[in-house]
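Open the model in your viewer and keep the selection tool at hand. The stops below go from the whole chain to single side chains.

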Amino acid sequence: MDFHGSLFEAPLVAEAGTDPVEALSAALAGAVRHVRGDGAWVDVRRTWLPEADDVLATAVRDVPWRSERRQMYDRVVDVPRLVHTYMLGEALPHVVLDHARDALSAHYAEELGEPFRTAGCCYYRDGRDSVAWHGDTIGRGSQVDTMVAIVSLGDPRRLQLRPRGGGHALSFEMGHGDLVVMGGSCQRTWEHAVPKAAHAGPRVSVQFRPFNVF
């Protein structure tokens, strides 16, 4: 698979001999924060993840993807994407993802107060795969401020966010290797979605979360 990164910045490349976690953590200083009046905020760092082509190919090949089904009115339907979650202590499919998780934990330690521990993975096989508007209302994120960090790999897809009670919505096109971090009250006060796209190739998203945040 051959994918182009975001056009906003050059892909992150650590110098020889540089600790990869330190390089990724330092690169997070370039994130742009979008602050909302309700205590929610979103950080965006373009082309953050190195070796994105290899991470994507490895994830598609090695993650034990499974389909989910859900109740939709009077019938049960397939969820239009594949998923898998790496829980505490489970090895991630690529070492770069370990570096990313550790760098996020280091960079956001003061604001978050705890490390990122789990990694939920979603595989959007083409533009027909999507996720409807929803809020993460299970676990601690429904009661306290927390963070979810999303790394996007593959074809660009749009991440949409809107306040639960109405108001100005946000929309970010997530490209190959881009990072979006939803923080503050975002999990409690906002909803998000990835809509269908007329023309889109494979995309994998990796969502790093603290323990017991879903």
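**Whole chain**

Start with the contacts (heavy atoms within 4.5 Å): among those in the chain between residues at least 6 apart in sequence, 79% join residues at least 24 apart. This is a predicted model; local features need pLDDT of at least 70, side-chain atom pairs count only at pLDDT 80 or more, and totals for chains, interfaces and linings use all residues. Residues are numbered from 1 along each chain as its sequence is written, and side-chain values use heavy atoms, without hydrogens and water.

Colour by secondary structure. The chain has five helices and twelve strands (DSSP runs numbered from the N terminus: helices H or I, at least four residues; strands E, at least two). Of its 214 residues, 49% are buried (under 20% relative accessible area, 1.4 Å probe, protein chains only).

**Helix 1**

Select residues 20-27, which form helix 1. Show the side chains of Ala23, Leu24, Ser25 and Ala27, the buried residues of this helix. They pack against strand 2 (40-45) and helix 3 (95-107). Now step to the start of helix 1. There, a side-chain oxygen of Asp19 comes to within 3.0 Å of the backbone nitrogen of Val21.

**His94**

Next, select His94, in the loop between strand 4 (75-86) and helix 3. Is His94 buried or exposed? His94 is buried, because its relative accessible area is 9%. Its side chain reaches the backbone nitrogen of Val96 at 3.0 Å. Finally, display Glu51, Asp54, Val55 and Thr58: His94 is in contact with these, leaving aside its neighbours within four places in sequence.

Note on methods. Buried < 20%, exposed > 50% of the residue type's maximum accessible area, 1.4 Å probe, protein only. Polar contact = N/O pair within 3.5 Å; in protein donor to acceptor, adjacent residues only side chain to side chain.
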